[in-house]
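Work through the following exercises with the model in view, trying each task before reading its solution.

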Amino acid sequence: MIGVAREGLPVTIAGLGCRVPDRVVTNDELSQYVDTSDEWIRERTGIRERRIAAPEEALSDLALPAARKALERAGIEGADIDLIIVATVTPDMAFPSTAAILADRLGAVDAAAYDLSAGCTGFMYALAQGYGMLAAGLAKRALVVGGDVLSRILDWTDRSTLVLFGDGAGAVVLETADSGGFLGFELGADGSGGENLWLPGSGSRIFEDPDRHVKMNGREVFKFATRVLVQSAEDLLERCGVAVADVDVYVPHQANLRIIDHATRKLGIPSERVVINVDRYGNTSSGSIPLALADAEADGRLRAGSLVLMTGMGAGLTWGSALIRWTKETAV
Ligand code: ACO
């Protein structure tokens, strides 16, 4: 799916917030659980450390403070929100949705609320849905959350996946604007590659011996990621009539520094325009892009008028890009 925001009301990001667990887990600590090393992990992935949720922390415990911050930054209250979408593969539980739990905690009594599953691309899908609802006039203010507690579904004896992921969540408030905001979206899915990154036994399909842990064919996902990050971004830029040179801030999914470097080189985006935090957080799945956006805001890179390109990819296999003309001045 590819589309340009030509019809309908302009929609923008009016506030953002994020939250990661307090506990920092270094590569050296992981080498106590599996046969790995700080050197291997840094060289192959660029990851130095990640945050891991405490046993009592579920996704909503990370999403709630992130959402509160986003609402505060947008200058609104929970009751002003009429749509909540939480992109995740690790909701608190299958039902009620984490979005409904958040709606209750935030006092968003008039909000429609649901979770969305599109792997690490979930936040891009959720942004596009929120955009569509607002642009069409069905909703006035949406809270879009991306977050995961991937540590709950990792096999802590499997070095090929354990070292890659971390926990975290981010949230944005979407509002209509006079001008600027989202220019377009490109979203896609290729279910034929689904078994390259999957969680067998986590739903209604019965498996002989399900262990309910993430399973990944790292090499295949690597090839897929390097291809779609570039293709999705190029297609969207072309459809929006925007040159790569005009992109001020590039926010790629934070899966692996080598994948990010490859995409950045192929697209021809100068490295100083790329947001990177995979070194500190690892791959936080649906939380990755909103956490990186929050980092870009914190270091003053998101200025009114900045052109921001985001691209994600993940389980499904799925991918997605969004292009937005930032409308809010960063409060540094
Ligand atoms: N520590 C030490 N050695 C390891 C580790 C580890 N943590 N993991 C694997 N190895 C070993 C392998 O067993 C293999 O050993 P062998 O040659 O004796 O068989 C060797 O290292 C090389 O393995 P490769 O898989 O070829 O290593 P590669 O350079 O491809 O890196 C990696 C592996 C980091 C997983 C890479 O393939 C990758 O990043 N893939 C994409 C992963 C990804 O992005 N996933 C998520 C995307 S979607 C989402 O975000 C949910």
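**Exercise 1: a sheet and its helices**

Solution. Strand β5 (residues 83-87) runs parallel to β7 (residues 141-149), and five bridges join them; two strands count as paired if DSSP finds at least two bridges between them.

Next, helix α3 (residues 59-74) packs on the sheet and touches β2, β5, β7 and β8 (167-176), with heavy atoms within 4.5 Å as the criterion of contact. The direction of α3 makes about 135° with that of β2, angles running from 0 to 180 degrees between N-to-C directions of lines fitted to C-alpha atoms, for helices over the stretch in contact. Helix α10 (residues 288-298) also packs on the sheet, touching β2, β7 and β8, and its direction makes about 95° with that of β2.

Finally, the strand order is β2-β8-β7-β5-β6 in an open sheet of five strands with mixed pairing.

**Exercise 2: a helix and its end**

Determine how far helix α7 reaches from its first C-alpha to its last, and what follows α7.

Solution. Helix α7 (residues 218-240) has 23 residues and reaches 33 Å, close to the 33 Å expected, which is 1.5 Å times one less than the number of residues. G241 follows α7 and has a positive phi, near 70°.

**Basis**

Residues are numbered from 1 along each chain as its sequence is written. The model is predicted, with local features needing pLDDT of at least 70 and side-chain atom pairs counting only at pLDDT 80 or more, while totals for chains, interfaces and linings use all residues, and side-chain values use heavy atoms, leaving out hydrogens and water.

Notes
Helix = DSSP H or I, 4+ residues; strand = E, 2+ residues; numbered from the N terminus.
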